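Dear colleague,

Please find the structure below, handed over for your use.

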Amino acid sequence: REDLWVREGKILNPEKLFFDEKGSADIQLDCKGSIIAPGFIDVQINGGFGVDFSLATDDFKSGIDLVSQKILSHGVTSFCPTLVTSPPSVYHQAKWQELDCRSLGGSWLCVCVWAGAHLEGPFISKEKKGAHPEHCLRTFEAGAFQDLLATYGSLDCVRIVTLAPEMKRSREVIQELTKRGICVSLGHSVANLSQAEEAVQHGATFITHLFNAMLPFHHRDPGIVGLLTSDKIPAGRRVFYGMISDGIHTNPAALRIAHRAHPKGLVLVTDAIAGMGLAPGRHTLGQQMVEIDGLNTYIAGTKTLSGSVATMDTCVRHFQEATGCSVETALEAASLHPAQLLGIEHKKGTLDYDSDADFLMLNDGLYVQATYIAGEEVWRQDASGM
């Protein structure tokens, strides 16, 4: 049971205050035995509370603001708004620049607690398109990277791009994105293991929702899943992988297998859609209509899963229960690991001195009691009546 010292939005080394400045705390807060943990970071969230990030709108910023406020109760203090496969006009209309995006220590961060956009598609496999609209899928033509730029319009404030590495000319695209500090994620793909390993050797560092929308594990060619134990990962490089730990997308046994094979790479994601936080019924996911039935979300009229309505704190609890891992390990999968993936672990995802004072108070059951950003309380369970 230790004290956490905060000043000017940062976590403070109290020795500096005591010995150098001869000072003391201005305000003391009794956390009543709560667990204090870094704020959660969701690198794959398609929307929530009626907001669909993949719908073209002139009021894009208000949707981002609404979701960023609502997910504070889930413990999320940073997130990557995710756009699924869409027509070029949608990407062009999403004005990231309006969000006061700025460069901070080589990483893209924004004042409204978002960590840059995640563009999932349209350069993905038709065979593993999942809930992505087939008529919007694209391939890399002779221009390769120029094709990608023409589709997206701009890469300002883009942090992650999900693509299928088996596509022709993907090597050039992966190298160009990596050169710009953008995380390349492998997903919605029929890649074999050697194709996946080659993509990692050229800069890819993430796997989008492991096990979902990829070839199933096979003992003679484990496909993308094999990256978790591959011996061809460049020295000093870590491959991270997203897991939708909602009890629906991934069987608990598969969750345990992945975690035991590569615990330091596991990143919890929600893959939440616009219907998160709303009643069951019909909602959108980009160009598609989806139906929510309990905790299941399907493309309307089918049994194809299309995102989730899970919240990040629910995913953390399910992960901890399914794997039997320690509380610290469960919390790191939603904080430290996504921060490391994004290259912002010097600012986010830890309670280290000089990092941003984005933190949570949780009870022993890992239910969020209060959320702080830059040392300021932004949500408390009592205040909201939730």
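**Helix packing, cores and cysteines**

The axes of helix α7 (residues 252-261) and helix α8 (residues 312-323) cross at roughly 80° and come within 9 Å. α7 is therefore roughly perpendicular to α8, a label for angles of 65 to 115 degrees. Helices are DSSP runs (H or I, at least four residues), numbered from the N terminus, and axes are lines fitted to C-alpha atoms over the stretch in contact, with angles from 0 to 180 degrees between N-to-C directions. P252, L255, R256 and H259 of α7 meet H318, F319, A322 and T323 of α8, where contact means heavy atoms within 4.5 Å.

This is a predicted model: local features need pLDDT of at least 70 and side-chain atom pairs pLDDT 80 or more, while totals for chains, interfaces and linings use all residues. Residues are numbered from 1 along each chain as its sequence is written, and side-chain values use heavy atoms, without hydrogens and water.

The largest nonpolar core has 77 residues, of which L163 and L177 touch the most other members; such a core is a set of buried Ala, Val, Leu, Ile, Met, Phe, Trp, Tyr and Cys residues joined through side-chain atoms within 4.5 Å. Its largest share, five residues, comes from α8. Beyond four places in sequence, the residues touched by L177 include F145, L155 and I182.

There are zero disulfides, a disulfide being a pair of cysteine sulfur atoms within 2.5 Å. The sulfur of C325 lies 13 Å from the closest cysteine sulfur, in C315, too far for a bond. C325 is buried at 8% relative accessible area, the cut-off being under 20% with a 1.4 Å probe, protein chains only.

With kind regards

Terms used: Helices (H or I, at least four residues) and strands (E, at least two) are DSSP runs, numbered from the N terminus. Angles under 35 degrees count as roughly parallel, over 145 as roughly antiparallel, 65 to 115 as roughly perpendicular and the rest as oblique. Buried means under 20% relative accessible area, exposed over 50%, partly exposed in between (1.4 Å probe, protein chains only).
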